Amino acid sequence: MNRVANRLFAVVLSLLVVACGTVPPAETIGPNNPLAMAAIRAAYVKAGQQKSFRARMVSESGGKISESSIEFAAPGSIRMVMKTENMEQIMINGAHYMKAEGRWTRLPISTGNLIEQFRKDPAMIDAFERTISGAQVVGSEAVNGKPATAYRYYQSASIGGGLASSTGWAKLWVGANGLPMKIESDAVGRVLGFGSQSKSTITYEDFGGTVRIVAPI
């Protein structure tokens, strides 16, 4: 349950285009660079305006490497295939389903409303911005041969009234089109009292592509 809960939290935040963690800062956190902060905010806003995207996530926790693929379709449908664990999750129309050992089960939790609220409510973007400190411009760094600008920032945030929380450094690559291309974080997340340290890399692709997600049961 520990690993599943933390992976779910990481995915939800990734769909909000947020990287996270709960490790104390290993360096001094300086003030936000206005140019970096503006670019980070603009990338998140533009990502939230997209009707769909796909992403790949690789996480390392406790010496184990996990790989997942993610699909998102507006307003709040998500499909995640946790390849390493041989599990699949679908969130659609306010319902959350999980497939384990070949069987689908509907869970008593949902993230659809949260995702849609973040995408549509400017106040959520403002609230997210207040969780960031130490934003800085790293510089030009290509991602898979494509030009991008890298940014780094420290984030401290919580969701669900504190049921899940995160703080830690993240690095974001933004493409020439203003959309996120990759996020890296070295973090410890806590969900429902469970915590674990992990390193995660999320690579985004196919913004605006055709993504069809349906309820499994």
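Accessible areas here come from the Shrake-Rupley method with a 1.4 Å probe. With that settled, I looked up the surface of the chain. The chain exposes about 10500 Å². Carbon and sulfur atoms supply 52% of that area.

**Entry: confidence.** I am working with a predicted model, so I checked pLDDT before going further. The mean for the chain is 81. I find 75% of the residues at 70 or more. Where is confidence lowest in the chain, and where highest? Helix H1 (residues 2-15) is lowest, at a mean of 45. Strand S7 (residues 132-140) is highest, at 96. I also noted that pLDDT stays under 50 over residues 1-24. The model still has 91 contacts beyond four places in sequence for that stretch.

**Entry: overall make-up.** I counted four helices and 11 strands in the chain. Buried residues make up 47% of the 217 residues. I then took the contacts with a separation of 6 or more: 56% of them are between residues 24 or more positions apart.

**Entry: aromatic rings.** How many aromatic pairs does the structure hold? I get six. One of them is Phe53 with Tyr204, an edge-to-face pair at 5.5 Å centre to centre, with 70 degrees between the planes. This pair links distant parts of the chain. Phe53 sits in strand S1 (residues 52-61) and Tyr204 in strand S11 (residues 194-205), 151 residues apart. Both Phe53 and Tyr204 are buried. Tyr204 also pairs with Phe207, this time stacked, at 6.2 Å centre to centre and 25 degrees between the planes. I checked Tyr204 on its own: its relative accessible area is 7%, so it counts as buried.

**Entry: charges over rings.** I looked for charged ends placed over tryptophan rings. That of Arg152 sits over the ring of Trp169, 4.2 Å from its centre. That of Lys182 sits over the ring of Trp173, 4.3 Å from its centre.

Entry: I find Ser77 in strand S3 (residues 77-82). Buried or exposed? Ser77 has 11% relative accessibility, so it counts as buried. I listed its contacts, leaving aside neighbours within four places in sequence: Glu71, Phe72, Met91, Ile92 and Ile213. Pro75 is in the loop between strand S2 (64-73) and S3. The peptide bond from Ala74 to Pro75 is cis, with omega near 5 degrees.

**Entry: the S5 and S6 hairpin.** Strand S5 (residues 95-100) and strand S6 (residues 103-107) run antiparallel, joined by five bridges. I looked up the bridge partner of Tyr97 and found Arg106, in S6. Two residues lie between the strands of this hairpin. Glu101 is in the loop between S5 and S6.

**Entry: backbone exceptions.** Why log these at all? Most residues other than glycine have a negative phi, and most peptide bonds are trans. Glu101 has a positive phi, near 55 degrees. At 81% relative accessibility, Glu101 counts as exposed. Asn86 has a positive phi too, about 55 degrees, although it is not a glycine. I place Asn86 in the loop between S3 and strand S4 (87-92). Asn86 counts as exposed, at 64% relative accessibility.

Terms used:
Residues numbered from 1 in each chain as written. Predicted model: local features only at pLDDT ≥ 70, side-chain atom pairs only at ≥ 80, totals over all residues. Heavy atoms only, no water. Buried < 20%, exposed > 50% of the residue type's maximum accessible area, 1.4 Å probe, protein only. Contact = heavy atoms within 4.5 Å. pLDDT = per-residue confidence, 0-100. Phe/Tyr/Trp six-rings, centres within 6.5 Å; stacked < 30°, edge-to-face > 60°. Lys NZ or Arg CZ within 6 Å of the ring centre and 35° of its normal. Pairing = 2+ DSSP bridges.
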